Amino acid sequence: MQFMLLFSRQGKLRLQKWYVPLSDKEKKKITRELVQTVLARKPKMCSFLEWRDLKIVYKRYASLYFCCAIEDQDNELITLEIIHRYVELLDKYFGSVCELDIIFNFEKAYFILDEFLLGGEAQETSKKNVLKAIEQADLLQEVRMTCCEQWGEI
Amino acid sequence: MPAVSKGDGMRGLAVFISDIRNCKSKEAEIKRINKELANIRSKFKGDKALDGYSKKKYVCKLLFIFLLGHDIDFGHMEAVNLLSSNKYTEKQIGYLFISVLVNSNSELIRLINNAIKNDLASRNPTFMCLALHCIANVGSREMAEAFAGEIPRILVAGDTMDSVKQSAALCLLRLYKTSPDLVHMGEWTSRVVHLLNDQHMGVVTAAISLITCLSQKNPEEFKTCISLAVSRLSRIVSSASTDLQDYTYYFVPAPWLSVKLLRLLQCYPPPEDGAVKGRLVECLETILNKAQEPPKSKKVQHSNAKNAILFEAISLIIHYDSEPNLLVRACNQLGQFLQHRETNLRYLALESMCTLASSEFSHEAVKTHIETVINALKTERDVSVRQRAADLLYAMCDRSNAKQIVAEMLSYLETADYSIREEIVLKVAILAEKYAVDYSWYVDTILNLIRIAGDYVSEEVWYRVIQIVINRDDVQGYAAKTVFEALQAPACHENMVKVGGYILGEFGNLIAGDPRSSPLVQFNLLHSKFHLCSVPTRALLLSAYIKFINLFPETKSTIQEVLRSDSQIRNSDVELQQRAVEYLKLSSIASTDVLATVLEEMPPFPERESSILAKLKKKKGPGAVSVSELEDGKKEAGSEINGGGGAESAAAASNASTPSPSADLLGLRSGAAGIGSATGAGSLLVDVFSESGTAATASSGTDENFLRDLDLPTESSDSLLVDSALASDSTPSSALGSEDPAPALPESDELLHKFVCKNNGVLFENHLLQIGIKSEYRQNLGRMYLFFGNKTSMQFIGFSTTVTCPGELQSQLNIQTKPVEPLVEGGAQVQQVLNIECLSDFTEAPLLNIRFRYGGTLQNITLKLPITINKFFQPTEMASQDFFQRWKQLSQPQQEAQKIFKATHPMDSEVLKGKLLGLGTALLENVDPNPENFVCAGVIQTKALQVGCLLRLEPNAQAQMYRLTLRSSKESVSKRLCELVAEQF
């Protein structure tokens, strides 16, 4: 996967994750173009489209569009389910997630994504394992660690 | 505000986000952001040391502002400080900021890398994962340099936690993608492959992406992964849906891992080991069987996951292309999907079937779905699905169904979306040519194309029909009759007029026997369209008229009348005027014999690949693959070739030999692109004319050039001027503009360097103007043709060009030229000839200033003319001994110029040779004892003196460097040549 974008029905970008090196200018251009293209599509249309030399896979959940760009040999259907699994993870973590959760806790949305996808590839597809990792991290924030070295000896 | 606050909420951040959301306008938002930025800046700069929490909060706010689309230019240092915090959340926010807002500031990178290094060494898995995520997200070369050695160790170490292994595998993958040269698996290879056997499914899922990427690059080293992948796949496929616990997704066991395993296997041919292969075939059969089972859930996630595996399995079956049974089953399965209610599945089935169509085993099976696919083309509501259907029809077409498919595509064209019309036109044109049994069908099809979608019929398409008609005499009469009928329509597309004009001009005689299409009727029909057409078409029609005079002497007086009319002979367009004048003159002074020779029927075109095919390939990546595969794969290809006109027979040869298969086939293009073919004949004729003074010697010979052959100079004095120009010493004359010439464009040196080793090409291009160059040199003389093409649809007014030799160049180079026409019509091209004489050696380049008005604004462009000292090289062949003798003779320090420089292009020895030959010197073989080196010799010819030059180029492939040495009797020549040549490699 080359990148993933989350944007609202009004075209506001809510999350962007780039797995290929691009300049800020290019990123903005791509975002603008894609948001426009995807928003122009009608509800019953197919979830895949060819765009430049990439394949775009997108799906709408309530007011949010999830949109992934994959390469020619990548599998469209499994990408659609990557999107769905990410939505499930957000849903489970926030408890019936809505757009506002992602706006106010954008950093969490990024952390969850990093546990699930890394470098554009699925890292851990088990819902339980991803959430366990995030919850452990949440627990850690309560614990004050005075000395890192202690951990090394455990 | 929603109830958030999982973990520790940052209240300040939530308030800020709320504020932004409550902003009523963009201005208010910017104001609020600026206020916040000022606040954060003062906090960061303040004397009081910030506590970790505040720092985290402010860094997070900055991140939010950045993600809103605003630039952030500070806070990086604070983020880096957070990396070494003891508190997990602070560290985490620090890493997130770095991942999103990497700054290549080297000082920071060092600090970041340092923090990462500490975390990787911490042996705390949570910290290690954070650090690895950061490397994977940034993936910069600096990070690869720092960590590419360490990460494989972490990946395979026995005591590494599973979650860390997962991150390490994908982190390494990212580094490998950015800097493959820095990632060396070497000793780790086998242990990495064995991660496929890992107990933890998550580890396998992550590792397999890395293994797939590495296998693509080094298939041999990773070959052992095949059997491991097959057994892993086999275990998953045969497991019950509950076996894999949380790795089962909507009743489908491990769909992501299955897809990745099938993908990995596509890096390799079918397994050689019979047992492994048998097991794999079993897996594939099971997957196909499962597709027939009733779904275990009604959820779309279930069917998507299941079908994702199925499509990947079909991809593998197609990749192997060796199991007829599986291929046919795959095809039947896809056939079911063609009628599925899910649009997504129909789309994918059409796409996948496109590749199946190119396999000899499944081609026939694919064909059985033709009606469904045609129906999809007609009824699908989503244009991207219709596009797939058109692709598939194209791929499944062969002689048996060509007429049906072409007819369907033609009728689809009438309502097709504008976005895909051009592609459909190209496809129809290719299929019609490829599978034409009789050429009258082909001609009908192309004329239908023009009728239905004339605007989308590119030049390649109508060039091709003319080419084929000219090459096949059995279709010429039919073509003439058909275009004649097509032209009867009161409103026909201009492309139809072009084809009609050309064909009637060549073959109108074949239908002239019928009084309904007598010569005069034909002429009147063509001429009735004349005033509706653009300049290039009118030019073509004028040529058709002169051909008519030759075909039908009885039309001569009528046509001469037309040519003589003011609207022709005084046409404001110089091209049209010139043609009218020349054709009128030619028809009145040349004898019938001469006319018959000059205006002879066009000779057959050399066989070549259809340029339409080339165009389609260029236009469309994936579609093109299926085109070529179809051609290569067809076992009965021989029977598809349609006699002399067949495109396929020539395809292979011309693929290799024609550098630009879409080149201007007929030399008809009057725009700027026609440069190449236009002038050869032109200059030849100029010379002929100046010697004999009559048109009688002009002959069309075998030149393919229909129109340009006839581009005679307007008056004989013209050609005299051209030839005598060298003698005169008048300063370059051009209308002087009121403003000073602009300074030379900054890129003009670069443009100049492009032409050191070649004489022809496009010198300059912007959105208005294209300047092409064609030049030839002999001894110390040269002639350069400049072609100024107006790319717009509006006139250039007051067009003038000035060539100047600045400074001492005035006494070194003598350049003569005539002013160009001050008016350049939209889409037209004007030509200017420069005669060049090299008086003595020179360093600077002459300047070309172009000025014109376009839409009221004055355009003022100055370029360097690519006339360089090496153009006056005379190659000198010599033996090794002579070379070194002279080399030694020229051993004084000022006679030598040397440069050591880095290669900017790949160091391909054939390319190097070509460039050195293009330089104008002789490339001496077997002279240098080191065969990798190149030596050249030549003499620069100037009026005042001759300068012998020797060149030696020593490539060092390992260092990607060259050493270039030039020796000549003149210091300035050695120096200049060295500069010029060093820019070429």
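This is a predicted model: local features need pLDDT of at least 70, side-chain atom pairs count only at pLDDT 80 or more; totals for chains, interfaces and linings use all residues.
Two strands count as paired here if DSSP finds at least two bridges between them.

In chain B, strand β3, residues 761-765, pairs with β4(B) in the antiparallel sense, and four bridges hold the pairing. If you want a residue to look for, B:Phe764 stands opposite B:Ile771 in β4(B).

Now follow β4(B) to its other partner. Strand β5 of chain B, residues 781-790, runs antiparallel to β4(B), with 10 bridges joining them. Here B:Gly772 has B:Phe787 in β5(B) as its bridge partner. These two strands also form a hairpin, this time with two residues between them, and B:Gln779 in the turn has a positive phi of about 50 degrees.

So is β4(B) buried or exposed? Eight of its 10 residues, in the run 769-778, are buried, so the strand is largely enclosed by the rest of the structure.

Let me step back to the chains. Chain B has 985 residues, of which 56% are buried. Its secondary structure comes to 43 helices and 16 strands. Take the contacts in chain B between residues at least 6 apart in sequence: 70% of them join residues at least 24 apart.

Chain A has 154 residues, and 60% of them are buried. You will find six helices and seven strands there. Reading from the N terminus, the order of elements is β-β-α-β-β-β-α-α-α-β-β-α-α. For contacts in chain A with a separation of 6 or more, residues 24 or more positions apart account for 47%.

B:Phe852 stands opposite B:Gln859 in β10(B). Their hairpin has two residues between the strands, and B:Gly855 takes a positive phi near 55 degrees.

Then there is strand β16 of chain B, residues 961-968, which is mostly covered, with six of its eight residues buried. Which residues stand opposite B:Thr965 in β16(B)? One is B:Gln898, and another is B:Arg952. The strands behind those pairings are β12(B), residues 896-902, which runs antiparallel to β16(B) with seven bridges, and β15(B), residues 946-956, which is antiparallel to β16(B) over eight bridges. β15(B) and β16(B) make a hairpin with four residues between the strands, where B:Gln960 takes a positive phi near 55 degrees.

On to the interior. In soluble globular proteins, nonpolar side chains tend to be buried together. In this model the largest nonpolar core has 281 residues, and A:Tyr86, B:Ile116 and B:Leu449 are those with the most contacts inside it. Setting aside residues up to four places away in sequence, B:Leu449 touches several residues, including B:Leu410, B:Leu413, B:Val425 and B:Val461. A second, separate core has 62 residues, among them B:Cys757, B:Leu951, B:Leu966 and B:Leu980.

A helix residue deserves a quick look too. B:Gly501 sits in helix α27 of chain B, residues 494-507. B:Gly501 has a relative accessible area of 0%, and since buried means under 20%, B:Gly501 counts as buried. Beyond its neighbours within four places in sequence, B:Gly501 is in contact with B:Leu526, B:Leu540, B:Leu541 and B:Ala544.

How many cavities of 30 Å³ or more does a search of the whole structure find? Seven. Four helices each supply at least two lining residues: α4 (106-116) and α5 (127-140) from chain A, plus α5 (88-100) and α7 (125-138) from chain B. Which of the elements gives the most to that lining? That would be α5(B), with five residues. By class, the lining has eight nonpolar, four polar and two charged residues.

Note on methods:
Residues are numbered from 1 along each chain as its sequence is written. Chains are lettered from A and ligands numbered from 1 in the order in which they are written. Side-chain values use heavy atoms; hydrogens and water are left out. On a 1 Å grid over the protein atoms alone, a cavity is a set of points where a 1.4 Å probe fits but cannot get out, and a pocket is an open set with protein on both sides within 12 Å along at least five of seven lines; lining residues have an atom within 4 Å of a point. Grid points are joined across faces, edges and corners, and a volume is the space filled by probe spheres set on the points. Ala, Val, Leu, Ile, Met, Phe, Trp, Tyr, Cys and Pro count as nonpolar, Asp, Glu, Lys and Arg as charged, and the others, Gly among them, as polar. A nonpolar core is a set of buried Ala, Val, Leu, Ile, Met, Phe, Trp, Tyr and Cys residues joined through side-chain atoms within 4.5 Å. Buried means under 20% relative accessible area, exposed over 50%, partly exposed in between (1.4 Å probe, protein chains only). Contact means heavy atoms within 4.5 Å.
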